[in-house]
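Dear colleague,

I am handing over the structure below, and my notes on its charged side chains and on one helix pair follow it. Please read them alongside the coordinates.

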Amino acid sequence: MSLKLFVSSVSGNMKIKERQAYVKRILDSLNVQYEEIDISDDANAELKAQMQTAARSHGKPVVPPHLMRDDAYLGDGDDFSEAVEVDTVGAFLQLPSAAGDENGNKDLIKSGDTAEKAAE
């Protein structure tokens with residue numbers, strides 16, 4: 001099962017850039033494997049269309065970042081941030097629950113740690 005992170009390398013919006021960097025920083029700090037897909041690259045047009053359709057079907061704006069596991073839409077940057085804050089990021093990312101607690105959070109973010117602390 002492949003985790004896909006949809007981003008844009010050409011966004012001029014600072015909030016989008018910060019949210020993309022936040023998601024990547026947390027995923028990297030948790031050693032979660034993911035494929036970064038740049039939706040501004042014409043070579044990714046088909047994947048971009050798939051992500052946009054999925055986001056729209058969930059009532060989400062199509063601006064990045066977005067996360068998908070294979071063809072299943074997981075959520076956008078706000079959904080990810082909320083999962084980090086309530087310590088359910090493992091379940092949100094659909095990580096194997098056998099590898100961790102009931103939420104699939106194996107040593108991801110210990111209770112009481114903030115997302116920023118986990119990213120250090």
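**A buried arginine**

Arg69 is buried (under 20% relative accessible area, with exposed meaning over 50% and partly exposed in between, for a 1.4 Å probe and protein chains only) and yet has no salt bridge, the nearest side chain of opposite charge being that of Asp70, 6.1 Å away. Here a salt bridge is a side-chain nitrogen of Lys or Arg within 4 Å of a carboxyl oxygen of Asp or Glu, and for charge Lys and Arg count as positive, Asp and Glu as negative, while His and the chain ends are not counted. Arg69 lies in strand 3, residues 66-69 (helices are DSSP runs of H or I with at least four residues, strands are runs of E with at least two, and both are numbered from the N terminus). Its side chain does reach the backbone oxygen of Leu93, at 2.8 Å.

Please keep in mind that this is a predicted model, in which local features need pLDDT of at least 70 and side-chain atom pairs count only at pLDDT 80 or more, whereas totals for chains, interfaces and linings use all residues. Residues are numbered from 1 along each chain as its sequence is written, and side-chain values use heavy atoms, with hydrogens and water left out.

**Salt bridges**

By the rule above, the count comes to four salt bridges. One of them joins the side chains of Arg19 and Asp78 at 2.6 Å, N to O, and this pair links distant parts of the chain, since Arg19 is in helix 1 and Asp78 in helix 3, 59 residues apart. Arg19 is partly exposed at 23% relative accessible area, and Asp78 is also partly exposed, at 47%.

Lys60, partly exposed at 23% relative accessibility, forms a salt bridge with Asp76 at 4.0 Å, N to O. Asp76 lies in strand 4 (residues 72-76) and Lys60 in the loop between helix 2 (45-57) and strand 3, so the pair ties together parts that are 16 residues apart in sequence. Asp76 itself is buried, at 8% relative accessibility. Lys60 also meets Asp79 in a salt bridge at 3.0 Å, N to O; because Asp79 is in helix 3, that pair ties together parts 19 residues apart in sequence. Through shared partners, Lys60, Asp76 and Asp79 form one network of salt bridges.

**The helix pair**

The axes of helix 1 (residues 14-29) and helix 3 (residues 77-85) come within 10 Å and cross at roughly 40°.

Notes
A polar contact is a pair of N or O atoms within 3.5 Å; within protein, one must be able to donate a hydrogen and the other to accept it, and residues adjacent in sequence count only if both atoms are side-chain atoms. Axes are lines fitted to C-alpha atoms, for helices over the stretch in contact, and angles run from 0 to 180 degrees between N-to-C directions.
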